[in-house]
Structures are given as structure tokens and as C-alpha cells.
Amino acid sequence: MKRILNTCLLFTFLIGYLEWGKGSHLFIFQGEAEVFSKALKEPLSVLHPFILIPFFGQLMLLFSIFQKSPSRFLSLAGLACLGLLMIFLFFIGVSVPNIKIWGSTIPFIITGFFVLRYNWKREVVD
């Protein structure tokens, strides 16, 4: 079950929507493709907390998916790293108001709630 939840966290994170200025918008998976291509040319240009923290969160979740017994620590740490950006986007979308931005964060927030609930139950049982 934890593998399914962690996979859902990764996918729901990637559908986060960003919009700025006039006509500038992209999904997180599109932004990641741009960041990876830019990182190959100029590695120092991608050293920003809003790039590195979610990237490490994705790595933690990806690693936990392929573990024999998925680590609760990696699941929660990955959720926290990805959640920083998604909660930030949620508040931006609500304050602007832009339904596309905050609406794209809702699946992640719901999945994050289920991850927390599942890990809470596992902690009490263990």
C-alpha cells in the first residue's frame, strides 16, 4: 500500500501547475525537463531551494518505492520536501485567486493526507 501511495505522491506532484506573467505557464513535469536540460549546461544556475528541496523529495520517494519494505522516514521526508512547494503553490493560487494553480495542488494534498494517515496508523500498530 505504501508503494502505491508514494507513487501517487510523485504523480500528483508532477501535475502541479505554475502560471506567471502574461502567457507564461507550465506544469511541474515540464519545468523539471527544462531544469534538467539547463543543469547540463549551467549546473550552478539550478542551485535554488525551490528546485533542490523538491528534487531531493522526489529522490526519497522514488528510492522508497523500490525498497523491499518502504521506509516510513523516506515517505514522510519526501512528502515534507514536496509539500513545501505544493502548499506554497496552494496559497499562491488561493491568494491570486487562480483556480488552475490551487486546483492542481488539491490531488497532492489529498494524497499527502492519506500518506500521513497510513503512516500514523502504522506507527500506532508497530
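Predicted model: local features only at pLDDT ≥ 70, side-chain atom pairs only at ≥ 80, totals over all residues.
Because Lys 100 belongs to helix H5 and Glu 19 to strand S1, the pair ties together parts that are 81 residues apart in sequence. Glu 19, with a relative accessible area of 33%, is likewise partly exposed.

The interior was examined next. In soluble globular proteins, nonpolar side chains tend to be buried together. The largest nonpolar core of this model has 16 residues, of which Leu 9, Phe 13, Ile 28, Met 86, Leu 89 and Phe 108 touch the most other members. At least two residues of this core are supplied by each of H1, helix H3 (49-65), helix H4 (72-95) and helix H5 (99-125), and the largest share, five residues, comes from H4. For Phe 13, when neighbours within four places in sequence are left aside, the contacts comprise Ile 28, Glu 32, Pro 54, Gln 58, Leu 82, Leu 85, Met 86 and Phe 108; Ile 28, Met 86 and Phe 108 are also among the core residues that touch the most other members.

Thr 12 lies in helix H1 and, with a relative accessible area of 12%, is buried, since the limit for that class is under 20%. The side chain of Thr 12 reaches two backbone oxygens, that of Cys 8 at 2.8 Å and that of Leu 9 at 3.2 Å. Residues up to four places away in sequence not being counted, Thr 12 touches Met 86, Ser 104, Pro 107, Phe 108 and Thr 111.

The loop between helix H1 (2-14) and strand S1 (17-20) contains Ile 15, and Gly 16 is also placed in the loop between H1 and S1. Ile 15 counts as partly exposed because its relative accessibility is 39%, whereas Gly 16, with a relative accessible area of 0%, is buried. Together with Phe 27 and Phe 29, Ile 15 makes a nonpolar surface patch of about 250 Å². The C-alpha atoms of Gly 16 and Phe 113 are 17 Å apart in space, the two residues being separated by 97 residues in sequence.

Tyr 118 is partly exposed, as its relative accessible area is 23%. Between Tyr 118 and Lys 2 the C-alpha to C-alpha distance is 7.9 Å, although the two residues are 116 residues apart in sequence. Apart from neighbours within four places in sequence, Tyr 118 is in contact with Met 1, Lys 2 and Leu 5.

Technical notes. Residues numbered from 1 in each chain as written. Heavy atoms only, no water. Patch = residues over 30% accessible without salt bridge, like charges linked within 9 Å, V, L, I, M, F, W, Y side chains within 5 Å. Areas by Shrake-Rupley, 256 points an atom, 1.4 Å probe, with all protein chains shown as cover. Salt bridge = Lys/Arg side-chain N within 4 Å of Asp/Glu carboxyl O. Helix = DSSP H or I, 4+ residues; strand = E, 2+ residues; numbered from the N terminus. Buried < 20%, exposed > 50% of the residue type's maximum accessible area, 1.4 Å probe, protein only. Core = buried A, V, L, I, M, F, W, Y, C linked by side-chain atoms within 4.5 Å. Contact = heavy atoms within 4.5 Å. Polar contact = N/O pair within 3.5 Å; in protein donor to acceptor, adjacent residues only side chain to side chain.
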